[in-house]
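Please read them alongside the coordinates.

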Amino acid sequence: MNLTQSEECFQRAQLVSPGGVHSPVRAFKSVGGTPIFFKEALGARLVSVDGQEYIDFCQSFGPLMLGHRDPEVAAAVEKMIGKAWTFGACEPYSLALAEWIVENIAHVESLRFVSSGTEAVMSAVRLARGATGRNRIIKFEGCYHGHVDSLLVKAGSGLAGVASSDSAGVSQSVASETIVLPIGDEEALEKAFERYKNEIAAVIIEPLPANFGLLKQDNRYLKFLREITTREGALLIFDEVISGFRVALGGMAEISEVKPDLVTYGKVIGGGFPVGCYGGRKDLMEQVAPSGPVYQAGTLSGNPVGMVAGFATLQKIKRESIIERLRVRADSLVEVLESHIAHYELPLKIAQFGSLMWFHASDKKEPQNLSEISPSQADIFRSLFYKCLDQGIYLAPSGYEVSFLSWAHDEKLIIDCSLRFKKVFAAMKDDLSS
Ligand code: PMP
């Protein structure tokens, strides 16, 4: 594999940016080696600065439900750029997208656009605190909610679930207002609500946790979260930054029939441009400035280019029933891959939910929490990752990231991928037996 240009770029990048990257996972730390630098992309294909082509299963970590540079999205963006790209004033583009979402997503009665998933979560948490007059937030191990200070925490060893910071620069006083609990554990949640009676503002969860592998939860558990939060006067926040508009138009809330009080979106909602959003119950959203006392603002919020990209993306997804049709493609790919894996008797399995796939090494049940992830996950994934690169397949460079299928992975390409993966698995088998 020729990486000369990527290596040169990486050398230079390390001189001007920490670790040579602008987001940590891009640095290939968990797989080792030099990160590939890409110069262009179309559909499901990437082209590296070295001139190598790859089929892309990372898809920018999720925004590109339609693949790179979908023609409809491109046309909307080009048209918008010909008119304006930011006003810092009221405009009809965010209005069109907001109206469409409120019309199509039953639990979103009112919403506010921001510029990233992190910002959406940060704002939703502030709103939950402002609206309830309470300070503590419950989050779960195995869920990621962006780099919000109060959620960049891990379970502490002391008091029931009180967190310690998971990053330098997050003060212990901020961390201590977050309670981190094992996901799926109803009793732990009951105990936390007992111990911190009338102190918990919200429970936040990725209803389909997809940041530490794909840790599918039971609907029953999501229903339990709804019941206990309602009973205790706390809010339920669904972080659907990955799952929103991808697993169903209304995300996991629609699938589970559990109505959160607030929901956060990112990724697909901007069609590949920097857009985030939080929304939900109108009475809660009315607490946000300028209607209410919870302050939140943004120079580029509702950026028209992102708005038209998101609008074109969501309209196409709905009009062409892409979620359902993409699921069929994903099912067929997973079925073939599983048969290859079985043929080569590899210690590898695939967890799948619609267009999300996760290669995991757990030989028992499919992991539903961190403790069920196999200790050999990182090693097996490293082998998979590099064999994939050899076959021209680019996966997100960590065994804890999921793979994303896009609408640009058409039927022909799925067949091509099946053949490439077969070679990948054969090579992994050779490695394991040597
Ligand atoms: N929440 C979830 C569930 C996410 O997956 C992510 C990003 N992976 C975020 C929040 C943060 O979004 P962003 O990277 O756009 O800030």
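1. In what order do the 3 strands of the open sheet run, and is the pairing parallel or antiparallel? The order is β13-β14-β16, and the pairing is antiparallel. Note that this is a predicted model.

2. At the edges of this sheet are β13 (349–353) and β16 (403–404), each of which pairs on one side only. Strand β14 covers residues 356–360 and is joined to β13 by 5 bridges. Within that antiparallel pair, Lys-349 stands opposite His-360 in β14.

3. Turning to helix packing, α11 (residues 322–343) and α13 (residues 411–433) have axes that come within 10 Å and cross at roughly 20°. Because angles under 35 degrees count as roughly parallel, α11 is described as roughly parallel to α13. The crossing of the two helices is right-handed.

4. On the α11 side, the contact is made by Arg-329, Ser-332, Leu-333, Val-336, Leu-337, His-340 and Ile-341. Helix α13 contributes Glu-411, Ile-414, Cys-417, Ser-418, Phe-421, Lys-422 and Phe-425. Sorted by class, the contact of α11 with α13 has 8 nonpolar, 3 polar and 3 charged residues.

5. There are 12 aromatic pairs in the structure. One of them joins Phe-57 and Phe-421: the ring centres are 5.8 Å apart and the planes are at 75°, so the pair counts as edge-to-face. Phe-57 sits in the loop between β3 (53–56) and α2 (71–81), whereas Phe-421 belongs to helix α13, so the pair ties together parts that are 364 residues apart in sequence. Phe-421 is also among the α13 residues that make the contact with α11.

Notes. Residues numbered from 1 in each chain as written. Predicted model: local features only at pLDDT ≥ 70, side-chain atom pairs only at ≥ 80, totals over all residues. Heavy atoms only, no water. Axes fitted to C-alpha atoms, helices over the stretch in contact; angles between N-to-C directions. Helix = DSSP H or I, 4+ residues; strand = E, 2+ residues; numbered from the N terminus. Parallel < 35°, antiparallel > 145°, perpendicular 65-115°, else oblique. Left-handed = near helix turned anticlockwise from the far one by under 90°. Contact = heavy atoms within 4.5 Å. Nonpolar A, V, L, I, M, F, W, Y, C, P; charged D, E, K, R; others polar. Pairing = 2+ DSSP bridges. Phe/Tyr/Trp six-rings, centres within 6.5 Å; stacked < 30°, edge-to-face > 60°.
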